[in-house]
Amino acid sequence: MSTMLSPRDEKLEKLSQEEIISNTKLVIQGLEALKNEHNSILHSLLETIKCLKKDEEASVVHEKSSLLRRSVEMIELGLGEAQVMMALSNHLNAVESEKQKLRAQVRRLCQENQWLRDELANTQQKLQKSEQSVAQLEEEKKHLEFMNQLKKYDEDVSPSEEKDGEPPKDSLDDLFPNDEEEHTQGIQQQHNSAAVAAAQQGGYEIPARLRTLQNLVIQYASQGRYEVAVPLCKQALEDLEKTSGHDHPDVATMLNILALVYRDQNKYKEAAHLLNDALSIREKTLGKDHPAVAATLNNLAVLYGKRGKYKEAEPLCKRALEIREKVLGKDHPDVAKQLNNLALLCQNQGKYEEVEYYYSRALEIYERRLGLDDPNVAKTKNNLASCFLKQGKYKEAEVLYKEILTRAHEKDFGSVDGECHSEMLTMKLLDNMPYGEYGGWYKACKVNSPTVNTTLRNLGALYRRQGKMEAAETLEECAVRSRKQVCERECV
């Protein structure tokens, strides 16, 4: 059974929030006035009681004063309730304001998400259309690049042809990683879990949204679409500075990403400015010994290395190494990676004693922590062997190259014949015999590994420098056959 509302109740239900607040303020003013009036009357009655002598008259006045006190208490109670209503109204206003902000942010995020989805769908469609033609072109490109590398080895036969005994400068692309990617890809790798844990204990972890944005930027940059990648970074950077302020770790992360895009465009001056800014922010907000600081130092060292400023890059790389040793321990794989970077910088400056120390230490860490069959072990041995080769230490380099090939053989085909460890290996390579008669040695050339392929070519170059031309040509032909077999497997 429904209850009929009086006209007054219906009128109250139709009041807006502003009208309720306005009426409450009027009620407060009225109650305050009434309270003051009652207090004044009560004061007068108390003064009257003091002057009265008759008990009966005094008792009457006492009664009236008691009534007035109760009335004042009720008025104060009403005032308290009215003030609670006012406070509640202010709270509701604040909640509503925050609600509107959140709604606006949700709408903006939805728009961004939809835009990213559209961009991703568009990219996938283009990728599907060009996949077949790219596969064929890539195959031809790989073969031509490899043949070009062989020509380079033919041209550089002996150390005497190097200019004034000056060591050739190595490329920085292979040995200097993009350290900003370590915080995204490292999460999926077991040996990087300690680095991520250390970063989280340091009080900062790169947000998932920034990791997604970075992957998108890398995708655009790899396609050469810098006209999309750069504005995307700049807009994200502007939004972060508005919401979080310039001195925030997220801003430093975005500065790193934009700097890497500029570096790929050879805009080294702009990239250096951004990386120095990011380094300052991370040191200020995260502390000078945070893993993110080491990442920025390494990126800055990469930048200087690409510009040939090896002396400026070396102290940055050393400081990054100190931080990683302190946070991760001296035998962590990431420390070995930094040692490789530092060795390369020293090698480009001709500091071969330091190069040997850094590569040997990195090799020891990789073998102990990741095992003898980890790809980093073979790569580091190759780097150390190249260092020996540049110094004319052909015996030491040859030992390392043969260790790589022997280990690759043992991993896929079992133990190697004793002759493969002796000088008979060179004699067999010098003979004009079918490859099937080389026994276990030639099996190493069949291992599906770019590192083995590189080692075969490097060993061939070493034999060329020693004047063992037939052995060099045989190994280079093995490398060509190995490369073709790898390409055939990839095409199938």
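**View 1. The stretch from residue 294 to residue 327 in this predicted model.** Let's start with residues 294-327, where the chain is 91% helix and 0% strand. UniProt, in an unreviewed entry, gives residues 294-327 the feature "repeat: TPR".

**View 2. Residues 252-285, which also carry the label "repeat: TPR" in the unreviewed UniProt entry.**

View 3. Look for Asn-256 in helix H8. Is Asn-256 buried or exposed? Asn-256 counts as buried because its relative accessible area is 0%, and buried means under 20%. Its side chain makes a polar contact with the side chain of Asn-299, at 3.2 Å. Now find Gln-214: Asn-256 and Gln-214 are 42 residues apart in sequence, and their C-alpha atoms are 10.0 Å apart in space.

**View 4. The largest nonpolar core, with 83 residues.** Which residues have the most contacts inside this core? They are Val-217 and Met-254. Helix H8, residues 249-264, supplies the largest share of the core, nine residues. Leaving aside residues up to four places away in sequence, Met-254 touches Leu-210, Leu-213, Cys-233, Ala-236, Leu-237 and Leu-240. In soluble globular proteins, nonpolar side chains tend to be buried together.

**View 5. A second, separate core.** This core has six residues, including Ile-21, Ile-28, Ile-75 and Leu-79.

Definitions and conventions
Residues numbered from 1 in each chain as written. Predicted model: local features only at pLDDT ≥ 70, side-chain atom pairs only at ≥ 80, totals over all residues. Heavy atoms only, no water. Core = buried A, V, L, I, M, F, W, Y, C linked by side-chain atoms within 4.5 Å. Buried < 20%, exposed > 50% of the residue type's maximum accessible area, 1.4 Å probe, protein only. Helix = DSSP H or I, 4+ residues; strand = E, 2+ residues; numbered from the N terminus. Contact = heavy atoms within 4.5 Å. UniProt positions renumbered as here; feature names shortened; annotations may be inferred. Polar contact = N/O pair within 3.5 Å; in protein donor to acceptor, adjacent residues only side chain to side chain.
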